[in-house]
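Take a look at the structure below. Keep the sequence beside it as you read, and find each place as it is named.

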Amino acid sequence: MEENLRIPGPTPIPPPVAAALARPMINHRGPAFAELLRRVTDHLRFFFQTDQPVLGFPASGTGAMEAAVVNSFSPGDEVLAVTIGVFGNRLAKTAELFGLRVTRMEVPWGQAADPQAVAQRLAELPNARGVLVTHNETSTGVTNDLRAIAQAARAKRSDILLIVDAVSSLGCVDLRMDEWDLDVVFTGSQKGWMVPPGLAMIAASERGWAATARATLPRYYWDFRRARASLEKGQTPYTPPVSIYFGLDVALQMMRDEGREAIFARHQAVADLTRARARALGLRLFAELAHASNTVTALRVPEGGDGKALTKALREREGVVIAGGQERLEGQILRIGHLGYVHEADITACMDALERQLVAVGYSLPVGSSGLARGE
Ligand SMILES: Cc1ncc(COP(=O)(O)O)c(C=O)c1O
């Protein structure tokens, strides 16, 4: 039985991408790779909604976090880290480890950051050089109103550097890097891009590039300048994950064929379906509804329920793989990924399975709530 992989990354791979991943190797310093890299970069710029080059580093998303920090700042620089969960904390921690002076603005998990509150905190830090913010917090299933946060921060401090973790949002929900005046934006291949893990993609604004030139934190592998110089020659500074690029080339063409707005609408539709089915089962969203994510849904484990046992039963009996909670949310929430190569049928199958396994452990459904009974 093929698994219904419903974790928020790695995500399923469409068959044409899987076929591309099996292609024979080519010379990464030859003309065929240069041509492919040009195509991929053009498509990525379209999805980042930027005129800037999009750089690729062989890495997971966490590598991109480190790249963003070391290319933008110097030891002792002050930054405001807006954190709404595990990944916001990770970015803040990365900045601290590199010697930045980090003021954390911690928002209760399940909530989004209030843009005006961010601006207020920034106003209290007249020497701050940057704001670190997560667009979509995968650990809680919350999407920040990035546009409003960027606008509010910029209104307070026109020169502030906005560093955005878009690992689990880009390519799935709207993010307009240039229009929203974001400075460093990064994502990871295993999330919304329909390819396996292995490639971090990252872009910097003109302000970001100026910061890169000024920054004194040491960097070799992550140096944006080195990556940009290579990109201009149709190459990468170090050996690229060639197979991931083969897959990404196909995936991005599929995404262009579908259309950016259509992709956003599909993510909205699958997220709406997930939330509606959860509500019908009497399950409560962990996130506040107004900011519930369109790429991952976090649900509270029902009172007295065992989240781990439920996840195990789904995997073993139904072939449906979902995620649990991280850190202090372990055992308390279930997370269902719906990003990248996902359609309504995948969610229906997942929620049908969840309903069966809830019933199997004696959970009583709200009267008349079964999606199964209604054939939804
Ligand atoms: C929002 C966010 N940031 C960063 C990361 C870290 O990425 P990785 O696990 O690829 O290092 C993740 C991974 O789930 C994420 O969801």
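Predicted model: local features only at pLDDT ≥ 70, side-chain atom pairs only at ≥ 80, totals over all residues.

Begin with helix 3, which covers residues 61–72. How far apart should its ends be? The helix has 12 residues, and at 1.5 Å a residue they should span 16 Å.

Is helix 3 enclosed or open? A residue counts as buried when 20 or more other C-beta atoms lie within 10 Å of its own. By that test, 10 of the 12 residues of helix 3 are buried, so the rest of the structure largely encloses this helix.

Helix 3 has a packing partner. Two packed helices are described by the angle between their axes and the distance between those axes. Helix 3 packs with helix 4, residues 86–97, at an angle of about 45°, and their axes are 10 Å apart. That angle makes helix 3 oblique to helix 4. The crossing of helix 3 past helix 4 is right-handed.

Stay with helix 4 for a moment. Valine 86 belongs to this helix. Valine 86 has 18 other C-beta atoms within 10 Å, so it is partly exposed. Now compare sequence with space. Valine 86 and serine 139 are 53 residues apart along the chain, yet their C-alpha atoms are separated by 5.9 Å.

Next, turn to the ligand. Which residues surround it? Gly9, Ser60, Gly61, Thr62, Phe87, Thr134, Asn136, Thr138, Asp165, Val167, Ser168 and Gly188 do. What is the shell made of? Its residues divide into 9 polar, 2 nonpolar and 1 charged.

Gly9 leads on to a detail of the backbone. Most residues other than glycine have a negative phi, and most peptide bonds are trans. The bond that joins glycine 9 and proline 10 is cis, with omega about -5°. Proline 10 sits in the loop between strand 1 (4–6) and helix 1 (15–21).

One is glutamine 49, which is not a glycine but has a positive phi near 55°. Look for glutamine 49 in the loop between helix 2 and strand 2 (54–58). With 18 C-beta neighbours inside 10 Å, glutamine 49 counts as partly exposed. Another is glutamate 327, with a positive phi of about 50°. Glutamate 327 lies in the loop that runs from strand 12 (320–324) to strand 13 (333–337). It has 10 other C-beta atoms within 10 Å, so glutamate 327 is exposed.

Now find a second pair of helices. The axes of helix 2 (residues 31–48) and helix 9 (residues 242–258) come within 10 Å and cross at roughly 45°. Helix 2 and helix 9 are therefore oblique to each other. What is the hand of this crossing? Helix 2 passes helix 9 in a left-handed crossing. Glutamine 253 is in helix 9. With 16 other C-beta atoms within 10 Å, glutamine 253 is partly exposed. Its C-alpha atom is 9.2 Å from that of arginine 39, although 214 residues separate glutamine 253 and arginine 39 in sequence.

Two arginines end the walk. Arginine 214 is part of helix 7 (residues 206–214). Arginine 214 is exposed, since 12 other C-beta atoms lie within 10 Å. Along the chain, arginine 214 and phenylalanine 73 are 141 residues apart, but their C-alpha atoms are separated by 7.8 Å.

Arginine 300 is found in strand 11 (residues 296–300). It has 18 other C-beta atoms within 10 Å, so arginine 300 is partly exposed. How far is arginine 300 from alanine 128 in space? The distance is 37 Å, C-alpha to C-alpha, and the two residues are 172 residues apart in sequence.

Key: Residues numbered from 1 in each chain as written. Helix = DSSP H or I, 4+ residues; strand = E, 2+ residues; numbered from the N terminus. Expected span 1.5 Å × (residues − 1). Near = placed C-beta within 6 Å. Nonpolar A, V, L, I, M, F, W, Y, C, P; charged D, E, K, R; others polar. Axes fitted to C-alpha atoms, helices over the stretch in contact; angles between N-to-C directions. Parallel < 35°, antiparallel > 145°, perpendicular 65-115°, else oblique. Left-handed = near helix turned anticlockwise from the far one by under 90°.
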